[in-house]
Amino acid sequence: MKIFIPRFWIKVKPMLEPFVSAVPLLEKLENAGFEAYFVGGSVRDFLLGKPINDVDIATSATPLEMKRIFPKTVDVGIEHGTILVLANGIGYEITTFRAEAEYVDYRKPKQVIFIRSLIKDLKRRDFTMNAIAMDRHGKLIDPFNGQIAIKQKRIETVGKAKERFQEDALRMMRAVRFVSQLSFSVEAKTLQAVAEHGYLLEKIAVERKQAEFAKLLTGSSRRESVKVLLETNLYRFLPGLQQQRAVFEKLLHFRCETLNLNEMWALLIHLAEYNTAKETDDFLRKWKLPVKQIKEINSILAFLKIRLKHDWTSYDLYCAGRNKIESTEKLFQVISGVQDDAVLTQILARYLQLPIKERSQLNVTGQNLIDWLKKPGGPWVRKLIEQIELKIIENELKNEKQAIKEWLLKCNQN
Ligand code: ATP
Ligand code: MG
């Protein structure tokens with residue numbers, strides 16, 4: 001007898017962590033009469049042989065049904081069908097199979113409908129490579145040939161690209177960020193649809209765009225993704241970058257793959273030739289970056305300005321601190337086209353040899369100065385402290401109370 005195997009049930013791969021630890025959860029759901037699978041990015045990355053951070057699980061059980069099965073749960077997004085199940089100290093996001101009814105205004109669906117069909121759940125997913133499910137034995141359910149897309153390194157929508165981008169315009173940015181992260185290319189019709197529907201991105205919340213852009217900026221093929229932004233004109237619909245074609249064109253020439261996210265933001269701003277902190281602030285605020293991150297980027301840019309003028313002085317190293325030195329020097333090397341780890345190591349060694357790394361390490365206080373000089377406190381105290389600090393950093397004075405006192409009294413006599 002011939003056994004019929006549906007086209008989309010494909011071979012089993014030996015399962016690895018973190019899937020293995022999550023298998024008991026799938027078993028529990030199945031024992032209670034439901035279906036449960038690994039889905040989404042974790043399955044894709046597993047097939048690609050990439051490291052997997054967290055597994056996404058999809059099930060036919062509704063959130064309420066899940067809560068009856070698992071003793072410890074947290075409501076993280078119950079209205080979208082997602083709950084967090086705690087097992088052995090690990091949190092697993094489990095989401096009910098869903099269909100998304102009626103997209104309004106080119107963004108998130110107005111209503112989420114819980115369904116019992118895995119295939120329909122896979123159908124609402126963005127790209128074929130992201131629409132593969134894996135059961136607890138490692139068997140793959142792949143109705144849209146996502147494995148072939150993965151093998152051929154192709155990003156293609158599930159269904160007609162045009163319609164899928166009209167439902168949720170963020171998917172266009174997701175396509176481009178996957179170019180950066182996975183070094184895949186966008187399939188021709190999907191690419192064409194991105195080029196035609198970029199304007200719909202204006203409807204999308206900045207926070208969602210920012211999350212995708214951050215992944216785009218830090219992927220290993222970031223310059224390939226910049227090419228796609230240019231080719232499709234999608235950059236025209238990114239906050240603060242609408243008129244900045246030249247920035248992306250310039251970016252293509254910098255070997256920027258060594259840079260982290262904040263360094264990449266700083267590079268973009270440098271290329272956009274924003275010169276004042278206000279211009280930078282305005283730009284980063286458009287992207288709704290957290291204040292702390294904006295400060296960090298501004299600080300890297302301030303040290304970059306100094307570094308572009310001259311080599312690191314001991315005082316610059318002291319003011320910047322280890323992390324800022326590293327960021328600034330990496331960025332400087334990218335901009336100047338001379339990438340040399342040995343130079344960075346030498347600079348960091350100079351920093352490590354500084355006699356003090358921060359003001360709190362000074363062996364003298366403002367009160368000491370007031371007592372020794374017998375003068376009432378005032379702005380002079382701070383100025384003098386800075387002067388002492390500089391002398392110590394430049395090895396002209398020892399960071400010892402007695403030595404500082406002697407130097408001070410001697411200066412005061414002259
Ligand atoms: P990453 O590795 O960056 O987390 P991911 O593919 O897992 O990539 P997520 O944002 O975590 O991306 O989404 C999980 C899954 O949910 C995706 O793989 C995809 O199946 C589906 N998905 C996410 N966003 C969308 C969207 N806008 N439209 C349709 N499906 C989506
Ligand atoms: Mg994910």
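In which strand is the place of V76? V76 sits in strand β4, residues 73-77. Strands here are DSSP runs of E with at least two residues, helices are runs of H or I with at least four, and both are numbered from the N terminus.

This is a predicted model, where local features need pLDDT of at least 70, side-chain atom pairs count only at pLDDT 80 or more, and totals for chains, interfaces and linings use all residues. Residues are numbered from 1 along each chain as its sequence is written, chains are lettered from A and ligands numbered from 1 in the order in which they are written, and side-chain values use heavy atoms, leaving out hydrogens and water.

Start with the overall layout. The protein chain is assigned domain 1 (1-152), domain 2 (153-253), domain 3 (257-354) and domain 4 (362-413). Such bounds come from an automatic or database domain assignment. Between the C-alpha centres of domain 2 and domain 4 lie 57 Å.

Return to V76. V76 is partly exposed, because its relative accessibility is 46%. The term covers values between buried (under 20% relative accessible area) and exposed (over 50%), with a 1.4 Å probe and protein chains only.

Now the charged pairs. The whole structure holds 29 salt bridges. Each is a side-chain nitrogen of Lys or Arg within 4 Å of a carboxyl oxygen of Asp or Glu. One of them joins K67 and D75, at 2.9 Å from N to O. K67 is partly exposed at 30%, and D75 is partly exposed at 44%.

R171 and E167 form another, at 2.8 Å from N to O. R171 is buried, at 5% relative accessible area. E167 is partly exposed, at 24%.

R223 also bridges to E257, with the closest N and O atoms 2.9 Å apart. R223 lies in helix α10 (residues 222-232) and E257 in the loop between α11 (245-251) and α12 (261-271), so this pair ties together parts 34 residues apart in sequence. R223 is partly exposed at 22%, as is E257 at 31%. Elsewhere, salt bridges with shared partners link D126, R174, R177 and E212 into one network.
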